[in-house]
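Have a go at each task before you read its solution.

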Amino acid sequence: TAGDGVVIGFVDDGIDLTHTEFKGQGAEELHYNFTTEQAKGEPTSTRQGHGTVVTGLAVAKYNNAKGLAGISPEAKFASEVVWDAGDNFGTELQVANMFKHRVNAIHVQNHSWGSSTIEQLDVPEIESVAIREAIENGRDGKGVVMVRVSGNMRSSDWSAHDDGYSNDPRVVTVGAVDATGRVSGFSNAGACVLCAGLIGEVAGDNPVYSTDRMGSLGWNRTSSLDDPEVG
């Protein structure tokens with residue numbers, strides 16, 4: 001239940017691999033940047049902190065006196081980078097290569113990103129083929145578990161249905177709820193949303209805490225030379 005024996009691939013803008021909450025958690029041989037074609041999992045821009053936040057929600061260490069624990073603190077993780085140094089999303093070929101990367105070693109793929117427009121988004125054919133390969137043949141034939149977000153634009157009437165990645169019946173599409181169990185004000189609706197996780201509101205009571213890039217590169221603009229985790 002704590003994730004022992006599981007490797008989660010976080011498909012994002014990179015992860016602060018030096019973070020104290022991730023020591024011993026990374027599957028170092030599986031990190032890869034698909035935009036540079038290098039075996040590296042760190043962000044390539046000072047603006048990129050999303051992947052570090054997402055990863056902490058899942059695999060931050062527990063019982064290390066840091067006051068934070070992920071949902072699966074015994075799981076290993078792989079950083080799969082699909083944003084380049086200019087903060088641009090990868091090409092169709094780069095993203096397709098990501099979907100089928102080391103699918104026998106990476107058991108779960110987490111995709112905390114989606115459509116950037118209210119218009120309908122179709123999955124490119126080359127990516128769709130790669131997704132099928134991962135889901136049907138990955139994990140030694142059991143299939144990669146692919147987890148996606150429903151989206152964050154509920155207040156503007158966006159729908160998870162319109163995102164071809166989230167509306168794929170082969171994936172697990174996840175929404176967000178607050179501490180009372182009610183849907184978060186930003187979380188997109190849609191029949192494809194299978195379940196929801198506790199995230200809360202963007203700004204409000206009972207926040208959910210996670211990891212941040214350490215020091216001055218963090219989204220939290222407070223930094224401390226004495227404590228690199230502050231930031």
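**Exercise 1. Find which strands the buried residues of H1 pack against.**

Keep in mind that you are looking at a predicted model.

Step 1. Locate helix H1, which covers residues 50–59. Its buried residues are Gly51, Thr52, Val54, Thr55, Gly56, Ala58 and Val59.

Step 2. Look at what surrounds them: the buried residues of H1 pack against strand E1 (7–12), E3 and E4.

Step 3. Draw the conclusion. Because 7 of the 10 residues of H1 are buried, the helix is largely enclosed by the rest of the structure.

**Exercise 2. Classify the ring pair Phe89 and Trp113, then follow the aromatic contacts onward from Trp113.**

Step 1. Begin with the total: the structure holds 6 aromatic pairs. In the one formed by Phe89 and Trp113, the ring centres are 4.9 Å apart and the planes meet at 55°. Planes under 30 degrees apart count as stacked and those over 60 as edge-to-face, so this pair is tilted.

Step 2. Phe89 sits in the loop between strand E3 (76–81) and helix H2 (92–99), while Trp113 sits in the loop between strand E4 (108–111) and helix H3 (125–137). They are 24 residues apart, and the pair links distant parts of the chain.

Step 3. Move on to Tyr165. With Trp113, Tyr165 forms an edge-to-face pair, 5.3 Å centre to centre and with 70° between the planes. Tyr165 belongs to the loop between strand E5 (145–149) and strand E6 (172–177), so this pair ties together parts that are 52 residues apart in sequence.

Step 4. Compare the surroundings. Trp113 is buried, with a relative accessible area of 8%, and Tyr165 is buried at 7%. Phe89, at 32%, is partly exposed.

Step 5. Complete the picture. Trp83, Phe89, Trp113 and Tyr165 form one aromatic cluster. Arg148 lies over the face of Trp113, at 4.4 Å from the ring centre.

**Exercise 3. Which residues touch the most other members of the largest nonpolar core?**

Step 1. The largest nonpolar core has 18 residues, and Val82, Met98, Phe99, Trp113 and Met146 touch the most other members. H2 and H3 each supply at least two residues of this core.

Step 2. Zoom in on Phe99. Leaving aside neighbours within four places in sequence, its contacts include Gln109, Ala130, Met146 and Tyr165.

**Exercise 4. In which sense does E6 pair with E5 and with E7?**

Step 1. E5 and E6 pair in the parallel sense over 3 bridges. Val149 has Val174 in E6 as its bridge partner.

Step 2. E6 and strand E7 (residues 193–198) also pair in the parallel sense, over 5 bridges. Here Gly175 stands opposite Ala196 in E7.

**Exercise 5. What is the distance between the closest N and O atoms in the salt bridge of Asp168 and Arg170?**

Step 1. The count comes to 1 salt bridge. Asp168 forms it with Arg170, and the closest N and O atoms are 2.7 Å apart.

Step 2. Check each partner. Asp168 is buried, with a relative accessible area of 10%, whereas Arg170 is partly exposed at 35%.

Conventions: Residues are numbered from 1 along each chain as its sequence is written. This is a predicted model: local features need pLDDT of at least 70, side-chain atom pairs count only at pLDDT 80 or more; totals for chains, interfaces and linings use all residues. Side-chain values use heavy atoms; hydrogens and water are left out. Rings of Phe, Tyr and Trp (its six-membered ring) pair if their centres lie within 6.5 Å; planes under 30 degrees apart count as stacked, over 60 as edge-to-face and the rest as tilted. Helices (H or I, at least four residues) and strands (E, at least two) are DSSP runs, numbered from the N terminus. Buried means under 20% relative accessible area, exposed over 50%, partly exposed in between (1.4 Å probe, protein chains only). A charge sits over a ring if NZ of Lys or CZ of Arg is within 6 Å of the ring centre and within 35 degrees of the ring normal. A nonpolar core is a set of buried Ala, Val, Leu, Ile, Met, Phe, Trp, Tyr and Cys residues joined through side-chain atoms within 4.5 Å. Contact means heavy atoms within 4.5 Å. Two strands pair if DSSP finds at least two bridges between them. A salt bridge is a side-chain nitrogen of Lys or Arg within 4 Å of a carboxyl oxygen of Asp or Glu.
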